[in-house]
Amino acid sequence: MLFPSREQRAAENMPFLDTDGATIHYSRDGQGPPVLLIQGVGVVGNGWRPQIDGLSDRHTLVAFDNRGFGQSTIRDGTLTIEKMAEDALALMDSQRFDRFHVVGHSMGGVIAQEVALRAPERVLSLAFLCTFARGKEGAAMSVPMLVTSLRMRIGTRAMRRNAFLELIMPARYLDEIDRAELAATLAPLFGYDLANQPFFVMQQLKAMARYDAGARLATLSAIPTIVVSASEDRVAPAKNGRALAAAIPGAKYIELEGAGHGVTIHRSGDINRLLADHFATELRSPARR
């Protein structure tokens with residue numbers, strides 16, 4: 001299928017934005033103070049659906065597919081965290097939001113770092129979920145991760161889906177749920193059948209590995225920040241979250257026991273409450289008025 005032209009998108013009111021070297025597919029839901037939601041490796045913007053559904057009664061939620069993934073395209077150049085951050089800022093410009101909250105999950109948290117470093121005056125608050133102080137930490141491939149990666153690419157479709165579920169969800173959660181049903185439920189959130197790992201994921205991992213803002217994170221100390229980790233996260237172990245929180249003076253660290261990397265989905269209620277409280281605390285802060 002050919003990607004729709006600008007004229008077709010306008011005629012059909014399709015939510016796309018042309019940026020420098022990319023065309024970004026996005027969604028906007030709800031009413032209230034704006035929140036920019038940034039997804040990680042191998043996940044489309046709709047992966048934020050549990051947060052959009054849970055918070056849109058009090059906030060405007062803007063989510064998008066990162067360039068080159070989902071319904072977003074990339075026209076030229078090497079994929080970089082910097083360019084993905086530029087896309088995010090261009091999107092908020094297009095929506096006429098001067099200031100907004102920023103939430104990033106996994107690689108999305110790395111992109112959120114760059115957004116905040118480029119435009120700290122625009123960021124009302126930061127929420128980093130299951131992410132890293134340095135991009136290479138998220139792209140590192142341990143032996144267990146390599147084995148899981150291979151299992152996600154070989155065997156029957158059911159076996160590949162199962163390997164993916166074991167990567168992002170805690171074992172106890174999977175023991176209590178129908179895995180086939182869960183995989184079917186997650187497909188529209190990730191943007192593809194979990195048995196089929198998109199090739200572009202490798203480009204995203206390479207982009208993340210090249211990015212390191214560790215030495216500059218202390219400059220974000222004026223922005224109210226929470227860092228949330230999951231105790232059973234195999235992708236972004238809690239030690240990475242603790243290091244990120246330590247790198248940003250004043251950041252609050254929260255660790256959810258028994259949660260996995262897909263915490264925004266299987267513990268969506270907890271995440272939504274944490275985010276709502278974090279946004280509200282920022283609004284009550286005299287220093288930020």
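Visitor: How many bridges join strand S3 to S6?
Guide: In this predicted model, S3 (residues 34-38) and S6 are joined by four bridges, and the two strands run parallel. Within this pairing, leucine 36 stands opposite valine 102 of S6.

Visitor: And how many bridges are there between S6 and strand S7?
Guide: There are six bridges between S6 and S7 (residues 123-129), again in the parallel sense.

Visitor: Which residue of S7 is the bridge partner of phenylalanine 100?
Guide: Valine 123 is the partner of phenylalanine 100.

Visitor: Is S6 enclosed or open, and why?
Guide: S6 (residues 100-105) is largely enclosed by the rest of the structure, because six of its six residues are buried. The side chains point two ways: Phe100, Val102 and Gly104 to one side, and His101, Val103 and His105 to the other, with all of them buried.

Visitor: Now a loop residue. Where does glutamine 39 lie?
Guide: Glutamine 39 is in the loop between S3 and helix H2 (49-55).

Visitor: Buried or exposed?
Guide: Glutamine 39 has a relative accessible area of 3%; the cut-off for buried is under 20%, so this residue counts as buried.

Visitor: What is glutamine 39 in contact with?
Guide: Leaving aside neighbours within four places in sequence, the contacts of glutamine 39 include Val44, Gly45, Gly47, Trp48 and Asn66. His105, Met107, Gly108 and Ile111 are also among them. Of these, His105 belongs to S6, while Met107 and Ile111 are in H4.

Visitor: On to the helices, then. At what angle do H3 and H4 pack?
Guide: Helix H3 (residues 81-94) packs against helix H4 (residues 107-118) at about 70°, and their axes are 9 Å apart. Angles of 65 to 115 degrees count as roughly perpendicular, and the two helices are therefore described that way. The crossing is right-handed.

Visitor: Which residues meet there?
Guide: From H3 they are Ile81, Glu82, Met84, Ala85, Glu86, Ala88 and Leu89; from H4 they are Met107, Val110, Ile111, Glu114, Val115 and Arg118. By class, the contact has nine nonpolar, no polar and four charged residues.

Visitor: How do the axes of H6 and H7 cross?
Guide: The axes of H6 (residues 143-151) and H7 (residues 157-168) cross at roughly 150° and come within 8 Å. H6 contributes Met145, Thr148 and Arg151 to the contact, and H7 contributes Met159, Arg160, Asn162, Ala163, Glu166 and Leu167. These divide into four nonpolar, two polar and three charged residues.

Notes
Residues are numbered from 1 along each chain as its sequence is written. This is a predicted model: local features need pLDDT of at least 70, side-chain atom pairs count only at pLDDT 80 or more; totals for chains, interfaces and linings use all residues. Side-chain values use heavy atoms; hydrogens and water are left out. Axes are lines fitted to C-alpha atoms, for helices over the stretch in contact, and angles run from 0 to 180 degrees between N-to-C directions. Angles under 35 degrees count as roughly parallel, over 145 as roughly antiparallel, 65 to 115 as roughly perpendicular and the rest as oblique. A crossing is left-handed if the near helix is turned anticlockwise from the far one by less than a right angle, and right-handed if clockwise. Contact means heavy atoms within 4.5 Å. Ala, Val, Leu, Ile, Met, Phe, Trp, Tyr, Cys and Pro count as nonpolar, Asp, Glu, Lys and Arg as charged, and the others, Gly among them, as polar. Buried means under 20% relative accessible area, exposed over 50%, partly exposed in between (1.4 Å probe, protein chains only). Two strands pair if DSSP finds at least two bridges between them.
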